[in-house]
Amino acid sequence: MAGYAYQRQYLEKKYRDADTESQLWDTKALQESEYPVGTQITDHFEVLTKTPESIIVRCGDSPRKMEVRPSDGLFEMRAEIKEAEGVAEFQLKSVFYQGLGKATGKPMPPHIEFLHRQYTKLWMETAISNVTR
């Protein structure tokens, strides 16, 4: 999980405590989990749905905040094996939205959007390298 390491370490310093200890924090736990629905990750993600090809997580705030949030988001990570072509296709989709009130602009400032794009690329590259070794 090298692509997620920096964000994970930042979140760990801020939010890891007795209330979040049951969540996934450590590299080994992140690598070994089967990510059942309800799994909470680094006090920032929660698994909403999971199929053999796809997993959707909610993000944008602590998964302990179940209500509508001012800023909210969803990630879908998908891997589809195309045996006839001898390839696997990987996809990452993210949607961010304003959960409360009326949106008057983008859901996040430009510098946060830029950082988000960079770490999601790293995240996906790391995931792909983990399955192609």
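**Exercise 1: a surface patch**

Task: Which residues make the nonpolar surface patch of about 300 Å²?

Solution. In this predicted model, Leu48, Leu74, Val95 and Tyr97 form the patch. Leu48 has a relative accessible area of 37%. Patch members need over 30%. Buried means under 20% and exposed over 50%, so Leu48 counts as partly exposed.

**Exercise 2: the largest nonpolar core**

Task: Find which residues of the largest nonpolar core touch the most other members, and which element gives the largest share.

Solution. Start with the members. The core holds 15 residues, and Tyr35, Ile41, Phe45, Val47, Val57 and Phe75 touch the most others. Now the elements: α1 (2-15), β2, β3 (54-59) and α3 (110-132) each give two or more residues to this core. The largest share, three residues, comes from β3. Finally, take Val47. Beyond its neighbours within four places in sequence, Val47 contacts Tyr35, Pro36, Val37, Gly38, Thr39, Ile41, Ile55, Ile56 and Val57. In general, nonpolar side chains in soluble globular proteins tend to be buried together.

**Exercise 3: strand pairing**

Task: How many bridges join β3 to β4, and how many pair β4 with β5?

Solution. First pair: β3 and β4 (residues 71-82) run antiparallel, joined by six bridges. Ile55 has Met77 of β4 as its bridge partner. Last, the turn. Four residues separate the strands of the β4 and β5 hairpin, and Gly86 takes a positive phi near 70°.

Notes:
Residues numbered from 1 in each chain as written. Predicted model: local features only at pLDDT ≥ 70, side-chain atom pairs only at ≥ 80, totals over all residues. Heavy atoms only, no water. Patch = residues over 30% accessible without salt bridge, like charges linked within 9 Å, V, L, I, M, F, W, Y side chains within 5 Å. Areas by Shrake-Rupley, 256 points an atom, 1.4 Å probe, with all protein chains shown as cover. Salt bridge = Lys/Arg side-chain N within 4 Å of Asp/Glu carboxyl O. Buried < 20%, exposed > 50% of the residue type's maximum accessible area, 1.4 Å probe, protein only. Core = buried A, V, L, I, M, F, W, Y, C linked by side-chain atoms within 4.5 Å. Contact = heavy atoms within 4.5 Å. Pairing = 2+ DSSP bridges.
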